[in-house]
Amino acid sequence: MVCPASSYSGIRNDNIAWSNWSGRAGRTLKSLFVPAPAGAVNTDVPLPPPVGLQQLVRVVKDATDNARSVHAIGSGWAFDDQAIGDDWAIDIRGLRSRLLGTVGDAQVNGIANNAPQTGAGLTDSWRASQADRAGTRKLVHVEAGIKLWQLIQMLDGLGLALPTLGGANGQALAGVINTSVHGGDWMQPAFPGLVRALHLVTHGGREMWIEPGTAAITRDDRLKPTLSCPDVEIVRSDEIFHAAVVGMGRFGVVYAYVLEVRPQFWVAEVATRPDRNAVFAALRAGAATINNPFGALLSLLAQDAGPASVAESRSGAQPSFFQLLLSTRNPPGIWVQRRWETTDRSDLNVGAATDVSGDLVALGLNALLVANPLGSIFSALNPILDAIVNGVIDGEMKNAAEKGRRGRHAWVTAGPPSGKFPDYKGVSAEVMFDANNPAYVDFLQAILAEGGNFRQVGWLSLRPSRATTATLSMHNVGGTHAVSIEIALLAGMVDNERFMTFVQQKALALGGRLHWGQVNGALTPQTVSAQYGGMFDSWRRALWRVSGDSMVFSNQFSRQRGLEPVAARAQLAAAVPSPDNLLVARSGPLQSRLWSPTGGWTAWQNTELAVPQDAGPVELVTEGGRCHLFFVAGDGGVMFRTRAATGNWGIWWFVTTTNNEKPWQGVAGGAVHAVSPGLGSVHVFYATATGTILGLRGETGAGVSWKERRPIQNGRTAPGGHVTGVSRRPGQIDIFTVGTDRQVYTAAWNAAAGWQGWWAIPGVSAPPGAPVCAVSRRQDFIDIFVADDAGRTMSAAWQPGQPWKGWWHIQNGRTAPGGAITGVSRGLDQLDFFMVGTDSRLYSAAWSPGGGWGGWWWINNAVASRSGAAVPVVSRSTNLLDVFMVDGAGTSQTLAWAPGRGWGGPWPM
């Protein structure tokens, strides 16, 4: 049951034109809803809780019932079309109240609370933290439509503050979190890192309270009485939480957030002009220093403390914030801002930011450049353009450089909280890199080197932040910190769009991630997959777990970038039930088909299964002429079905010794893998919602009887992550996973010794839960492959009497970070491996004792759905290969190879 208002009573405007602040994206909306008190005309009227929530639920339910799409809009600060729905839009500006029922009041020294409310829904530890006046960790619960400036003022009145902030304060809270807005406070994460829980309204008006499974702030028995609707679904899942936090509006409309904040604090700021070449050299040196990527830069900057009036800069302490500023036209010079937290609460030069009449400057310069776009006037204007930009930056830095600045963090960072839009319009792109990846310095220098060749005026900033755990946050990097490089241009210049295209192309070529809220039109499903690897699948799997196939929150932005659940379920598996025969299964919906040399392909056959099914990857394993099909259902139950040697399928069963008890459930849409060590035995492996690695041993015969079920040696990986295996001799199994510390691990089983391990195979870092492909090319030999954090195709090998050897980067291959690499041995000491590269092309590589490695070769112009997609491969007879993939249109395809004939296909299945 959902809990909507009995009828919608707010403001509704039909067929209304809407555009974002920059004017780059807009359309005529079929209906724009603004939840407001009944009879209201003013669209900026707050609604008392829970009335706003009930109206929001009403609109989403009506959209679902009427097959309309709907999207929330806030301040419209995003540069592309993220906020624009196909049909309806909800302006959530009226949903901006502070909510006390669940988290209560945060007690702070110096702030008197009249009859403070206890955090009724919180755990004991968070209740204690809220009540501790000297404590630094505090929670606040607010509706998602509140603007940052309103939130800043609210928190200031409570003696609290946001730990980080970008350079503006007019955005809606939902917007800054959904697009992973950040500051330059380098020991703080981006905004998604502040979220501890969110209240979501999704398909049909369902309400979901979502928290991480491993860091809960509430208890079910305490939380439920604080919520206005008795049927709110309480979800405690790391995968769903981390995906929904940066959900780009695709999961639904966020009604409210619980944020972790801190007591109000002051900062002091200086601005200096160090040697630019020395700065670049320090950045490059830091990128090579694990866990301390900014040490070299901060040591360099410490040589110039700035104005004497800022004592904090001479204390020897590291700054809490820094930012580099340059002109995009690349004249000499660089500015650096630094800030320190301070106990001095005397304000110094804290006022409104310098007013830049950008429109007038841009229009005037644009007229000159259009009049003579290629003539001598262009080069003659360069000094003028450079002087204008330098003058703007100099003006911004003047107070901090000459006298220093001091004040509340939010005031110094983004100006007084007023929500005022800038006086100029512009266009901006921002690119994120791992701070330990020197490619960000290459990108910075490449942009500066080319900037003067484009007719544009703007500035470039570099800011750091801590890495985040939000799945598709640009800041979710392998290292400890991320670096952002923002290129902001004044609107109206002739070459702005051409320069923005160059910036995006260069960023993608160097492995950068484009900011979700800025110019990112170059993103496609393939480029997003290349940027995020297995995290892209995890996000889409979480989306399916929340709203299934629902298209209510789909829009052009999400479809162009592949932010949809459908592609996450297009998975294939293949097996050889008997020599020269093939069995293929696919998910979404579950189907199978058979190939034989005499009969060719049969038609796809649907499975008969009443429980939720389209949940993710399928697995096939052959054992004694039988084939066993596995997948994780929508309720987390691991399901299997057996095809007898006669060709008849059995019924579906749970993979369990008794019943589907909750502690033994998998993750809907998660990976499941199976290995047969010999006739009469099948082992199944998967990871639970907490990342615990489970294994089950089944004995086969007339059916499958599951005799053993256990956690494997306390192993842990990502929730729903891959646990792969191989049998290198009868009665022996070796399994592999990427642990939560990003190392590859192995464990081993045989009937005599049972389970042993886990043992690390050091030397490579990969995303937790990434698939590890294991192949045995002769008895007791193992070769493994994994795509590391950079997407490199890495390999290691083992044989009896020797330790693991490797890792080797095979043939310079690259796929998505943590992407799938599949392989098979088609004959003694023969290896063939396959992957979908960063360009979404299907590639193969091969190894033999005499020839070594060859490849990677693009196979017959085949292009798959995305980089890193799994490509099942089998050898149905010695020296024959059959490969299966899903293309960009979602069509299942197959290719085949035989000696002397080479590759055939791809053929649609």
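Tutor: Helices and strands here are DSSP runs numbered from the N terminus, with at least four residues of type H or I for a helix and at least two of type E for a strand. The model is predicted, so local features need pLDDT of at least 70 and side-chain atom pairs count only at pLDDT 80 or more, while totals for chains, interfaces and linings use all residues. Residues are numbered from 1 along each chain as its sequence is written, and side-chain values use heavy atoms, leaving out hydrogens and water.

Start with helix H3, residues 148-157. Its buried residues are Leu-148, Gln-150, Leu-151, Ile-152 and Leu-155; buried means under 20% relative accessible area, exposed over 50%, and partly exposed in between, with a 1.4 Å probe and protein chains only. An α-helix has 3.6 residues a turn, so residues three or four places apart point the same way. The cover over the buried residues of H3 includes strand S6 (138-143), strand S7 (160-161), helix H4 (173-178), S11 and helix H11 (409-414). Just after H3, Gly-159 has a positive phi of about 75°.

Strand S11 (253-263) leads on to Arg-250, which sits in the loop between helix H6 (238-245) and that strand. Arg-250 counts as buried because its relative accessible area is 1%. Its side chain makes a polar contact of 2.6 Å with the side chain of Glu-564. A polar contact is a pair of N or O atoms within 3.5 Å; within protein, one must be able to donate a hydrogen and the other to accept it, and residues adjacent in sequence count only if both atoms are side-chain atoms. Leaving aside neighbours within four places in sequence, Arg-250 is in contact (heavy atoms within 4.5 Å) with residues including His-71, Trp-539, Phe-553, Glu-564 and Pro-565.

Cys-3 and Cys-229 form it, with their sulfur atoms 2.0 Å apart. The pair links distant parts of the chain, 226 residues apart: Cys-3 lies in the segment before strand S1 (11-19), and Cys-229 in the loop between helix H5 (220-223) and strand S10 (233-236). The torsion about the S-S bond is about 60°, so this disulfide is right-handed. Both Cys-3 and Cys-229 are buried. Cys-627, by contrast, is in no disulfide, as the nearest cysteine sulfur, that of Cys-773, is 19 Å away. Cys-627 is buried too, at 0% relative accessibility.

Terms used: Disulfide = S-S within 2.5 Å.
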